[in-house]
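Welcome! Here is a short tour for anyone meeting this structure for the first time.

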Amino acid sequence: MDRRTALKNLTKSIGYTVAAPTIMNILASCSSDKTALWTPLFLTSDEKHMVTHLVDLILPKTEIPGGLDVNIPQFLDAMYHNIELQPNQELFKKGAEYFSKIFTQTLNKPVSSGTKEDFNVLLDKYLNLSKEDSKYILKQQKLNVNAISEKETETYSIYKFLLSVRYYSIFGYCTSEKVGKEILAYDPVPGVYNGCISLEETTNGRAWSL
C-alpha cells in the first residue's frame with residue numbers, strides 16, 4: 001500500500017470541531033510568516049524541525065504550492081497553542097518524543113540533523129502498512145490513552161503525533177487563502193444560478209472553495 005493511501009485510511013473518521021472565527025484568525029496570522037524564521041509558540045525547536053519536514057513530505061510542492069508554501073507548520077503550532085486541550089497537547093508531545101527516539105535509533109543521528117530524506121524513511125516505516133494493520137491502528141487510535149496497554153503506548157503515541165500532523169496539514173492547506181483563491185474554484189459573489197451543469201463544465205473539475 002502506498003503512503004498516500006495509508007494516510008487516507010489511517011485518518012478516516014477522525015475529526016475535530018473548533019470555532020470557525022478562531023480558525024480564520026489563526027489562518028490570517030500565519031499567512032505572512034516565513035517558514036525558516038518563525039518562532040513557535042507550542043513546538044520545541046526539535047518538534048518544529050520534525051513537523052516542517054513531515055509537512056513537506058505530506059504536501060510537497062509540485063506544479064501547485066505545497067504545505068510549506070502556505071505555512072502549515074505555523075498553523076499547526078498555533079492550533080495546538082490556542083485551540084487544542086491539554087490532554088491532546090500532552091499526547092502530541094509524547095508522540096513527538098517517541099518519534100524522535102525512534103528516529104535517532106534508526107538513523108543514528110539526532111532528529112535536529114534529520115533531512116527530508118531521513119524523515120521519509122520513518123514515514124515509510126509507519127505508513128507503509130497492510131490493509132489489516134491500517135484497520136488495527138485506526139481502531140486503536142479511537143481508544144482513550146488509558147485503555148492502551150503499556151507495551152503499545154509507544155506505537156499509539158507515535159501515530160497520534162503523525163496523524164495529527166497529517167490532519168492539520170490537510171485542514172490548514174484546504175482552508176488557506178492561497179489554495180482557496182488560486183487552486184480551488186473561487187467565486188465569493190456568485191451570480192446567475194445554472195442547474196444541472198457538471199463540475200467539469202463550470203470549474204474545469206475544480207472543487208469550490210466557498
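This is a predicted model: local features need pLDDT of at least 70, side-chain atom pairs count only at pLDDT 80 or more; totals for chains, interfaces and linings use all residues.

Residues are numbered from 1 along each chain as its sequence is written, and side-chain values use heavy atoms, with hydrogens and water left out.

What does Lys-116 form with Asp-56? The two make a salt bridge, with their closest N and O atoms 3.3 Å apart (a salt bridge is a side-chain nitrogen of Lys or Arg within 4 Å of a carboxyl oxygen of Asp or Glu). Asp-56 lies in helix α3 and Lys-116 in helix α6, so the pair ties together parts that are 60 residues apart in sequence. Asp-56 is buried, with a relative accessible area of 17%.

## The chain as a whole

The chain has 10 helices and zero strands (helices are DSSP runs of H or I with at least four residues, strands are runs of E with at least two, and both are numbered from the N terminus). Of its 210 residues, 42% count as buried.

Among contacts with a separation of 6 or more, 70% are between residues 24 or more positions apart (contact means heavy atoms within 4.5 Å).

Helix α6 runs over residues 116-127. Its 12 residues reach 16 Å from the first C-alpha to the last, close to the 16 Å expected at 1.5 Å a residue (the expected span is 1.5 Å times one less than the number of residues). Which residues of α6 are buried? They are Asp-118, Phe-119, Leu-122, Leu-123, Tyr-126 and Leu-127. These residues cover an arc of only 150 degrees around the axis, which puts them on the same side of α6 (the arc is that of the directions from the helix axis to the C-beta atoms).

His-53 sits in helix α3, residues 45-58, and counts as buried at 17% relative accessibility. Leaving aside neighbours within four places in sequence, His-53 is in contact with Gly-114, Thr-115, Lys-116 and Phe-119.

## More salt bridges

The structure holds four salt bridges. One of them joins Lys-109 and Asp-118, at 2.9 Å from N to O; Lys-109 is partly exposed at 26% relative accessibility, while Asp-118 is buried at 12%.

Another is formed by Glu-154 and Lys-101, whose closest N and O atoms are 2.7 Å apart. This pair links distant parts of the chain, with Glu-154 in helix α8 and Lys-101 in helix α5, 53 residues apart.

## The nonpolar core

The largest nonpolar core has 39 residues, and those with the most contacts inside it are Phe-92, Phe-99, Phe-161 and Val-165 (such a core is a set of buried Ala, Val, Leu, Ile, Met, Phe, Trp, Tyr and Cys residues joined through side-chain atoms within 4.5 Å). Helices α3, α4, α5, α6 and α8 each supply at least two residues of this core, and α8 gives the most, with nine residues.

Terms used: Buried means under 20% relative accessible area, exposed over 50%, partly exposed in between (1.4 Å probe, protein chains only).
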